Each structure stands twice: as structure tokens, then as C-alpha cells.
Amino acid sequence: MGDLKLLAFDADDLAVISAHVQDARVEIGDIVWRQTEKRLVIGLHRLDWEQTLSGEPVPGRLIAALRFERVLACKSRAIDMNARDEALELIGLEFYAAPEPPGGSVVMMFSRGGMLRLDVECLECALTDLGPDALGVGDGEAPPENLGGLG
């Protein structure tokens, strides 16, 4: 079980978090924008990359929370925020500094061209594993019988 806890306060830190959430499955209903609290929280099902690197042929998934603080605005493109059960695949995160630091924008890129842009006072992000995914390995599929020499 992963018990990863990472914080990001600059673009380099965010790149590390981005690597850990690459290919994570996100249901639109698990994207929570708390405007009055200046906070965005996203529940996600991330691949257990540490398990993969240790030699497991079929990676498991972990339930994790990705949290951004000091968010001034949250805008979406090519994502129907009303389709709460629709799942997206998170491709990566990038930070673009404003002309006057420490503010800027965080861009979250999803499959099928979907994007979220967060305008932030400063970059403050946390990734926290919450436990193993109840679906088990992959996307709920059984492990393959023959891995074609990969196992």
C-alpha cells in the first residue's frame, strides 16, 4: 500500500507530483472546487508506480487526494462538469509563473483535450495517498494469464 505524501511549492516540485499522478483516473464528480475556501480538491485513482518499479507485472491503483490551496479561479475546457460519472485520464500538471511572482497558473491536462486551469496566488499543492483502490489491479480487470514474456 502506498502512503505517499508530497508537497509542491514550485514548478520543479509540481513536476514530481505530475509524474506520480500520470495516467490517474479522475471522475468529474470527484473534482471539488471550494471557491470561498480558495481550494480545489480532486479525488483520483492513481497507478502505484512504486509497485510497478519493484517488478510487479500488473500495477495496482491507489486512491489519492490532490489538493491545491490559494486558488483564485478554476476554469475548464472540453470537460462537462455536469457529467459527474464520466471518467477522465490525467495526463499531467504544469505551472506557469505570472509576470509578478509568486502567482501563476496551474494547468491540468486530461485525455480527449480536457483541461483545468487554476489561477493561484502562489503554488501550494499536496498529493496524499488514502489507501488501496477497491477495484484492485488496473481498471478492475483480472491480471492477464500470459504476459508474453514480460512477467
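This is a predicted model: local features need pLDDT of at least 70, side-chain atom pairs count only at pLDDT 80 or more; totals for chains, interfaces and linings use all residues.
Local features need pLDDT of at least 70 and side-chain atom pairs pLDDT 80 or more, while totals for chains, interfaces and linings use all residues. Residues are numbered from 1 along each chain as its sequence is written, and side-chain values use heavy atoms, with hydrogens and water left out.

**View 1. Asp129 and Arg46 form a salt bridge.** A salt bridge is a side-chain nitrogen of Lys or Arg within 4 Å of a carboxyl oxygen of Asp or Glu. Here the closest N and O atoms are 2.8 Å apart. Asp129 lies in strand E10 (residues 125-137) and Arg46 in strand E4 (residues 39-47), so the pair ties together parts 83 residues apart in sequence. Strands (E, at least two residues) are DSSP runs, numbered from the N terminus. Both Asp129 and Arg46 are buried (under 20% relative accessible area, 1.4 Å probe, protein chains only; exposed is over 50%, partly exposed in between).

**View 2. Arg70 forms a salt bridge with Glu121.** Their closest N and O atoms are 3.9 Å apart. Arg70 sits in the loop between strands E5 (60-69) and E6 (71-77), and Glu121 in the loop between E9 (115-120) and E10. Arg70 is partly exposed at 40% relative accessibility, and Glu121 is partly exposed at 28%.

**View 3. Glu86 pairs with Arg112 in a salt bridge.** The closest N and O atoms are 3.0 Å apart. Glu86 is partly exposed at 32%, whereas Arg112 is exposed at 62%.

**View 4. Glu37, Arg39, Arg67 and Glu69 are linked in a network of salt bridges.** The whole structure contains 10 salt bridges.

Terms used: Helices (H or I, at least four residues) and strands (E, at least two) are DSSP runs, numbered from the N terminus.
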